[in-house]
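Please look at the sequence and the structure shown here before reading on.

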Amino acid sequence: MATKTNPGRFFEDYKVGQVIAHAVPRTVAEGERALYHALYPARHALYSSDAFAADCGLDGSPLDDLIAFHVVFGKTVPDVSLNAVANLGYGEGRWLLPVYPGDTLRSVSEVIGLKQNSNGKSGVVYVRTRGLNQNDEVVLEYVRWVMVRKRDLDAPAPETVLPELRKVVPAEDLVIPEGLSFEDYDFTQAGEPHRWGDYEIGEKIDHVDGVTIEEAEHMLATRLWQNTAKVHFDATFREDGKRLIYGGHVISMARALSFNGLANAQMIVALNGGAHANPCFAGDTVKAWSEVLDKAETDAPGIGAIRLRLVAVKQGAAPFALKGEDGKYAPEVLLDLDYWALMPL
């Protein structure tokens, strides 16, 4: 009798060029915003206040950029990472349109690379994912690569195809929402006086605050984004009996913590690269620091672009810890994220 349940794809099920339209479309609303702000200490003004957003030239407050990312990402999990060992990294990400309450999002992915691991038990799958709204407009696109188990260890290894990805999205390719202007920006309402010109390339910022990850919170977050990866839910799926914290939960936590020192880095507009350096588990206390990697002017009124490295670490990390002399990430480093954000001049 044929089974009607979905066991998820395994490494040998992927082919380069394969296009996967993911279920299920999701209409997002103010509930997602409220839950996001309950889960993370998120308080960037553009995503908190219709009045502030209107003063910046928008029709109202969009949903947080990472809400769009999580929803689009979550759609892909049953088809891309249900049998994942770990999500490894990101690249070539761009936010192309703001997402507003009432928008309906769906996701489509194309397999652009494959590489079997030397142990023959798993392989790395590269996909380019696009999130589309109800008007079939692309609101977000990014590449990610994920390690996926093999179903049949004797299945032949596919031809290795590694996509050529740009290390950085060029500043001229950043998409600024139509009408956005920071000419009448209210620094008092935003929470900090620091503007684009106050930051120097190479500057590092300790965001000071920390949050201890609770089991209930990360489980709620993973369900909220409809992420069904077994490593996040099933404690028997890993040999250590622990549920792995969804990497996006760490991203949002670190981004929210970065408000203290980067309150005016209002919108994420590109994701240049990212790595989940070490696993995160319930009970870990997450802190964050940032480094200014680059700056660029834009054609939009009063708006500059700032390229930031956002690093999330857990308890025991040395100040500004990243990599050791061997070039490997320090064991306390959880996340290394490289992104562009928009900031008032």
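## Helix H5 and its surroundings

In helix H5, which spans residues 215-224, the buried residues are His 218, Met 219, Ala 221, Thr 222 and Leu 224, where buried means under 20% relative accessible area, exposed over 50%, and partly exposed in between, with a 1.4 Å probe and protein chains only. These buried residues pack against strand S2 (26-27) and against the helices H1 (30-39), H6 (230-233) and H7 (247-257), a contact being heavy atoms within 4.5 Å. Just after H5, Gln 226 has a positive phi of about 55°. Helices (H or I, at least four residues) and strands (E, at least two) are DSSP runs, numbered from the N terminus.

This is a predicted model, in which local features need pLDDT of at least 70 and side-chain atom pairs count only at pLDDT 80 or more, while totals for chains, interfaces and linings use all residues. Residues are numbered from 1 along each chain as its sequence is written, and side-chain values use heavy atoms, with hydrogens and water left out.

## The largest pocket

The largest pocket holds about 380 Å³ of space. Of the 28 residues that line this pocket, Val 85, Ala 86, Asn 87, Leu 244 and His 276 are the closest to its centre. On a 1 Å grid over the protein atoms alone, a pocket is an open set of points with protein on both sides within 12 Å along at least five of seven lines, a cavity is a set where a 1.4 Å probe fits but cannot get out, and lining residues have an atom within 4 Å of a point. Grid points are joined across faces, edges and corners, and a volume is the space filled by probe spheres set on the points.

Strand S3 gives the most to the lining of the largest pocket, with six residues.

## Cysteines

The structure holds zero disulfides, a disulfide being a pair of cysteine sulfur atoms within 2.5 Å. Cys 56 is buried at a relative accessible area of 1%, and Cys 280 also counts as buried, at 3%.
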